[in-house]
Amino acid sequence: MVYGSDGTGDEEPLFRPYAVTGGRSEPRYHLAMETLISSMSIPDDEMALLTPEQEAIMTLCRSFRSVAEISALLRVPLGVARVVVADMADEGLVRLHQPRLNQGQPDMNMLERVLSGLRRL
């Protein structure tokens, strides 16, 4: 995300977060906050066409990150992160690794990765 300084050392967004999503607060489909995201490899010339928000997410998600981590690291509301990530998935920029909670047992591997990511915050 693009940040500016107000002179106090605190960084604030230079835009209203929901302007990035066109005012949408919900993604086109359900995206749990523990969903892991990884970025796809794209050529440099295509990377230059990304918005600053997309570029930041692509960089963060070179290693697996949860939607909650993306939201926290970019200092945007969770709803904004969900919308931008879902849009990027539709464009083939990122891969979603959805938890399979409907099968009865949570994926322990996924839970350990999320916990590890949260500890790094």
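**A conversation about the model**

Modeller: Leu-73 is found in helix H4, residues 67-74 (helices are DSSP runs of H or I with at least four residues, strands runs of E with at least two, numbered from the N terminus). This is a predicted model, in which local features need pLDDT of at least 70, side-chain atom pairs count only at pLDDT 80 or more, and totals for chains, interfaces and linings use all residues. Residues are numbered from 1 along each chain as its sequence is written, and side-chain values use heavy atoms, with hydrogens and water left out.

Colleague: How many salt bridges does a search of the whole structure find?

Modeller: The search finds three (a salt bridge is a side-chain nitrogen of Lys or Arg within 4 Å of a carboxyl oxygen of Asp or Glu). One of them joins the side chains of Arg-28 and Asp-87 at 2.5 Å, N to O.

Colleague: Which parts does that pair tie together?

Modeller: Arg-28 lies in the loop between helix H1 (17-20) and strand S3 (36-39), and Asp-87 in helix H5 (residues 78-90), so the pair ties together parts 59 residues apart in sequence.

Colleague: And which side chain does Arg-28 meet at 3.6 Å?

Modeller: That is Asp-90, again in a salt bridge. Arg-28 itself is exposed, with a relative accessible area of 56%.

Note on methods:
Buried < 20%, exposed > 50% of the residue type's maximum accessible area, 1.4 Å probe, protein only.
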